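Here is a short briefing on a structure with two lettered chains. Look over the sequence and the 3D view, then read on by topic.

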Amino acid sequence: MIKLDKVSKKFGTGTFALSDISLNVDKGEFVFLVGSTGAGKTTIFRLLIREFLPTEGNIFVNEWDVVNLPKNKIPTLRKNVGVIFQDLKLFLDRTIFENIMLPLEVAGAGSEEATKIVDAILAQVGLVEHRDKFPIQLSGGEVQRVAIARALVLSPQILLADEPTGNLDMATSWEIIKLLSDINKKGTTVIMATHNQDVIKSSGKRVIHIEKGKIISEEKGKKNSSSHKTSHVAEVVDEKPEEKMEEKEDNSKEDKKQ
Amino acid sequence: MSFTKTAWKNIRRSPYQAMAAILIMTLTFLTISFFTFLLVGSSKIINYFESKPQVTAFFKNEAKQTDINSLENQLKQTNKIASIRFVSKDEALKIYREQNKNDPLLLDLVTAEVLPSSFEISTVEIEDMAAISDMLNKSEVVSDVIYQKDVVATLAAWTSAIRKMGIALIILLSLVSIFIMATIIGIKISQKKEDIEIMRLIGATNWYIRWPFLTEGVIYGVIGAVIGWIVAAGVLLYSTPFLESFLKGIPVLPASYLDLLILLGLELLFAIFLGAISSFLAVFRYSK
């Protein structure tokens with residue numbers, strides 16, 4: 001379904017965002033991509049939807065050879081891979097309904113059919129009462145669900161979620177994770193990037209750890225889960241002062257919650 | 001029609017930019033309309049004079065019919081005459097009355113006796129007019145020769161000057177409106193850079209993004225053309241009575257509604273062209 005073959009990405013500054021990443025994700029899987037900020041999680045997502053090309057290596061998504069994809073096929077690829085962007089990328093001057101409608105408009109769906117689909121998705125993510133509000137009128141968890149709804153509205157086979165719990169308290173984070181799990185159960189392949197250790201610990205899903213552009217460890221689903229590897233990541237994280245701050249923030253949110 | 005909807009929303013949300021774009025288009029099409037009126041009118045006037053007898057010879061009051069007849073034969077023998085028509089004093093009075101029917105004072109003053117009888121002559125070749133008018137001048141029964149070649153030549157010179165000026169002005173204004181519109185649409189594209197980026201990321205094709213901007217340019221063009229045409233046609237219709245009396249009997253006005261509608265049609269085509277060109281420039285310059 002998704003295959004990265006010895007993929008490297010070097011940015012103009014000369015720093016490697018990714019080096020020699022090989023990765024397979026099967027259809028219907030739920031995979032966590034874990035690593036500190038700047039580890040390369042977002043870079044992987046951006047490569048998967050051909051926002052830019054890798055410096056080396058090959059990428060396959062479904063039947064598409066992403067690296068050699070002709071330019072006019074890029075929109076098709078993007079319509080089949082739903083992305084929940086880290087910064088959400090919602091249109092602030094459009095209502096929730098219009099935001100979620102947008103991919104359907106782009107895909108040229110008829111407006112009656114599209115309205116039905118959007119209303120169904122709104123029910124699925126629990127935003128029916130916010131249908132005609134604007135994004136700034138909603139809470140963090142709610143706009144996150146808007147972004148999820150928009151990523152889902154074209155029924156993509158693959159859903160990429162980039163830090164969907166990044167700014168949320170634990171309870172809301174769990175709601176989001178549950179929502180993504182439900183989506184996954186219906187057959188959508190989900191890859192979720194996060195740096196939130198708590199989210200992963202008890203999930204029992206496949207976890208891929210990335211640091212400094214390299215895969216440093218991988219945990220298979222429930223059966224093989226081990227706390228050892230998680231603590232290894234924690235060590236790496238400890239090296240970066242700004243990461244500590246982020247963790248603190250997370251903790252303080254938890255405190256408030258409690 | 002979601003492109004038109006999006007374009008319309010973009011226009012409503014930036015009224016000053018829209019106003020600038022529409023006004024420059026209006027100015028362009030107002031100019032185009034006025035110069036078209038001028039050119040069509042002046043070429044109609046020229047046609048009128050060219051189709052009229054080019055040489056008119058007025059006879060002295062004492063001229064006898066036999067002398068006039070022999071002069072006519074003499075002229076015909078040159079084989080340079082396309083047509084020759086004798087206008088008697090009575091006919092001259094009729095023509096005069098027809099031309100001044102709205103002015104009773106002028107009608108009262110003039111009787112058939114005052115007006116001279118005349119020949120209205122058109123030549124086969126325009127170059128022959130000089131020779132014919134010489135012949136007429138030499139005749140003893142002829143008092144005066146009016147030679148309309150000068151009128152036509154002067155008019156033709158004026159028309160050609162107006163045409164050149166008009167074309168230059170229209171080209172200049174078209175270029176100005178293209179650049180202004182391209183700039184305005186360019187600004188809009190830059191303002192929407194983030195939105196465009198998001199659209200791309202969720203799978204919008206380039207054309208899906210470009211169409212609303214192209215439509216917007218065409219809408220500006222069409223609105224400008226319609227306003228320009230309405231103003232120009234309105235001014236023309238309003239001033240028709242005045243112009244008609246000024247042009248005395250030269251059949252230029254009133255302009256037919258069909259012609260005006262044809263002008264509107266052509267202007268709309270040109271407006272769509274201008275709008276599309278400007279948007280294309282902007283789209284390819286600002287949205288790579």
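Two residues are in contact if their C-beta atoms, placed from the backbone, lie within 7 Å. By that rule, residues 24 or more positions apart account for 86% of the contacts in chain B with a separation of 6 or more. In chain A, 68% of the contacts between residues at least 6 apart in sequence join residues at least 24 apart.

This is a predicted model: local features need pLDDT of at least 70, side-chain atom pairs count only at pLDDT 80 or more, and totals for chains, interfaces and linings use all residues. Residues are numbered from 1 along each chain as its sequence is written, while chains are lettered from A and ligands numbered from 1 in the order in which they are written.

**The two chains**

- Helices (H or I, at least four residues) and strands (E, at least two) are DSSP runs, numbered from the N terminus.
- Chain A has nine helices and 10 strands.
- Chain B has 10 helices and four strands.
- From the N terminus on, the elements of chain B follow the order α-α-β-α-β-α-α-β-α-β-α-α-α-α.
- A residue is buried if 20 or more other C-beta atoms lie within 10 Å of its own, exposed if 12 or fewer, and partly exposed in between; these C-beta atoms are placed from the backbone.
- Of the 258 residues of chain A, 39% are buried.
- Of the 288 residues in chain B, buried residues make up 25%.

**Where the chains meet**

- Chain A gives 13 residues to the contact, and chain B gives 10 residues.
- On the side of chain A that touches chain B, α2 (74-80) and α3 each supply at least two residues.
- The largest share of that side, five residues, comes from α3(A).
- Nonpolar means Ala, Val, Leu, Ile, Met, Phe, Trp, Tyr, Cys and Pro; charged means Asp, Glu, Lys and Arg; the others, Gly among them, count as polar.
- By class, the side of chain A that touches chain B has eight nonpolar, no polar and five charged residues.

**Helices α3 and α4 of chain A**

- Axes are lines fitted to C-alpha atoms, for helices over the stretch in contact, and angles run from 0 to 180 degrees between N-to-C directions.
- The axes of α3(A) (residues 96-107) and α4(A) (residues 111-125) come within 10 Å and cross at roughly 125°.
- Angles under 35 degrees count as roughly parallel, over 145 as roughly antiparallel, 65 to 115 as roughly perpendicular and the rest as oblique.
- α3(A) and α4(A) are therefore oblique to each other.
- A:Phe97, A:Ile100, A:Met101 and A:Leu104 of α3(A) meet A:Ala114, A:Ile117, A:Val118, A:Ile121 and A:Leu122 of α4(A).
- The residues of this contact are nine nonpolar, no polar and no charged.

**Helices α5 and α6 of chain A**

- α5(A) and α6(A) (residues 170-185) pack at an angle of about 15°, with their axes 10 Å apart.
- They are therefore roughly parallel to each other.
- From α5(A), the contact uses A:Gly141, A:Gln144, A:Arg145, A:Ile148 and A:Leu152.
- From α6(A), it uses A:Thr172, A:Glu175, A:Ile176, A:Leu179 and A:Ile183.
- These residues divide into five nonpolar, three polar and two charged.

**Nonpolar cores**

- A nonpolar core is a set of buried Ala, Val, Leu, Ile, Met, Phe, Trp, Tyr and Cys residues joined through C-beta atoms within 7 Å.
- The largest core has 69 residues, and A:Leu33, A:Leu48, A:Ile100, A:Ala147, A:Ala149 and A:Leu160 touch the most other members.
- Helix α5(A) (residues 140-152) gives the most to this core, with seven residues.
- Beyond its neighbours within four places in sequence, A:Ala147 is in contact with A:Ile84, A:Phe85, A:Leu88 and A:Leu90.
- A second, separate core of 30 residues includes B:Met181, B:Ala182, B:Val218 and B:Ile219.

**Helix α1 of chain A**

- Six of the eight residues of α1(A) (residues 41-48) are buried, so this helix is largely enclosed by the rest of the structure.
- The buried residues are A:Lys41, A:Thr43, A:Ile44, A:Phe45, A:Leu47 and A:Leu48.
- Just after α1(A), A:Arg50 takes a positive phi of about 60°.
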